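User: I would like to learn how to read the pockets of a protein structure. Please show me the case at hand.

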Amino acid sequence: MFALVDCNSFYASCEQVFRPDLRGKPVVVLSNNDGFVVARSAEAKALGIPDLVPFFKIEGQLKRYGVTVFSSNYALYGDLSRRVVDTLKGFASDVEVYSIDEVFLTPWTPDGDVKQFGHTLKRAVWKNVRIPVGVGMAPTKTLAKLANRAAKKIGALQGVCILERDNQREWLLRKVPTKDIWGVGGRYAKRLAELGIHSGWELACADPKRIRRHFGVTLERTLMELRGVSCLELEEMPSPKQQIYCTRSFGEKAHTLEPILEATALYASRAGEKLRAQQQLATSMHVFLQTSPFDSNPYSDAAVIQLPYPTDDSRILVRYAQYAVTKLYKEGFSFLKSGVGLLELSAKELLQRDLFSEGQPLRSTKLMTVMDKINQEFGRGTVYVAAEGTRKKWRMRQSHKSRRTTTAWAELPIVRC
DNA sequence: TCTGGGGTCCTAGGACCC
DNA sequence: TCTGGGGTCCTAGGACCC
């Protein structure tokens, strides 16, 4: 049996935690650069505000409806997410943190009352963190996802749905269109429809071999999971990352090389920070630079470069990223976005040093450790590589950002008596 | 004017090996 | 006239996820 705990409208709910005046009111949260609506409170959904709609297209509408708008505040969401996970760990020993707002776990119910267990989880998270969640339970992860969806959609279930008996499973699967199933995206849904498969039930009843032939082994597994045959295990130990990316759109378009060099330097050193947090070294680097894809004359290019030796030194990452992006740059375009990816990662302690080639000197490691420590203690960006520049006009737009209430001393809430 | 930022897995096809 | 068979590794691209 798998349980999936999924936070309701997570980012919007986070914003409401420290703004209780906004409970029961329409709230939306925007993506980086205030680009899209990425989270909507139940009230905002009820107003018919669609998901992933460009902000500029509905800004007027939001104002008219009196919707409160927030830029995304990942420091806050990450911290509240950690608290939700900590709470859940008190009720189950096997826990998989699947995403910032979803946790799979094995229900622990010595008395056999699964439903009661679901409600216990829900109440505990609300009590400790003030985040509303839904709980779905079923014999496979894919079905637990569906159960969770039902828990939120069907009011009578009060946020907890157990999908155990075959007749319940069939009832739900007959109602679910394929595109709402975990592992089936828009493309597959369309191709499935061409084969006459429209509902979850029709997919579950299809011939596995035929599905495998048309779509590959991944969708065949999904099919089996819908039948109640578990193919996906709980993954408690997150496997080390295979690539680390830092990419971002600029707050304003860049017509010269200078802001691009600065932004790319920042992305490289942020990627380095993540790399060091995982105790890994990178062997090669992927760098790209692009205009807006909506430009009349869009342009983009990318390069993969070998680093001189496996490294986690931000100074080296920045130097190589800047070198690459200089090569990619072309006069006459207005660039919108660049990014740095670190590839061929290896665990730092397992590194095989090559007898005949240079390796990362010890003082690099020492310097980076000190840098990370200072930034951890006093806030990100206290010490940084000078190549990032000081004015940072290209920084992303975040016109509606809330405070980092739980992670920055300077932004603690103020209580007036 | 304004359109996100991360990730993963799988497959097909080419190069190369004996 | 007749031209093998099996394997590995790598990469790019396509699909998916939140």
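**Reading the pockets**

Analyst: The lining of the second largest pocket has, by class, 13 nonpolar, seven polar and 13 charged residues. Here Ala, Val, Leu, Ile, Met, Phe, Trp, Tyr, Cys and Pro count as nonpolar, Asp, Glu, Lys and Arg as charged, and the others, Gly among them, as polar. The model is predicted, and totals for linings use all residues. Residues are numbered from 1 along each chain as its sequence is written.

User: How is a pocket found, and what volume does the second largest pocket have?

Analyst: Rolling a probe the size of a water molecule over the atoms shows where empty space is left. A pocket is an open set of points on a 1 Å grid over the protein atoms alone, where a 1.4 Å probe fits, with protein on both sides within 12 Å along at least five of seven lines; lining residues have an atom within 4 Å of a point. The volume of the second largest pocket is about 1000 Å³.

User: Which residues lie nearest the centre of the second largest pocket?

Analyst: Among its 33 lining residues, Asp-6, Cys-7, Ser-9, Lys-45 and Lys-152 lie nearest the centre. Helix H6 gives the most to this lining, with six residues.

User: What is the volume of the largest pocket, and how many residues line the largest pocket?

Analyst: The largest pocket holds about 2000 Å³ of space. Its lining has 48 residues, with Ala-75, Arg-270, Glu-273, Arg-380 and Arg-404 nearest the centre. H12 contributes the most, eight residues. By class, this lining has 18 nonpolar, 13 polar and 17 charged residues.

Conventions
Chains are lettered from A and ligands numbered from 1 in the order in which they are written. This is a predicted model: local features need pLDDT of at least 70, side-chain atom pairs count only at pLDDT 80 or more; totals for chains, interfaces and linings use all residues. Side-chain values use heavy atoms; hydrogens and water are left out. Grid points are joined across faces, edges and corners, and a volume is the space filled by probe spheres set on the points. Helices (H or I, at least four residues) and strands (E, at least two) are DSSP runs, numbered from the N terminus.
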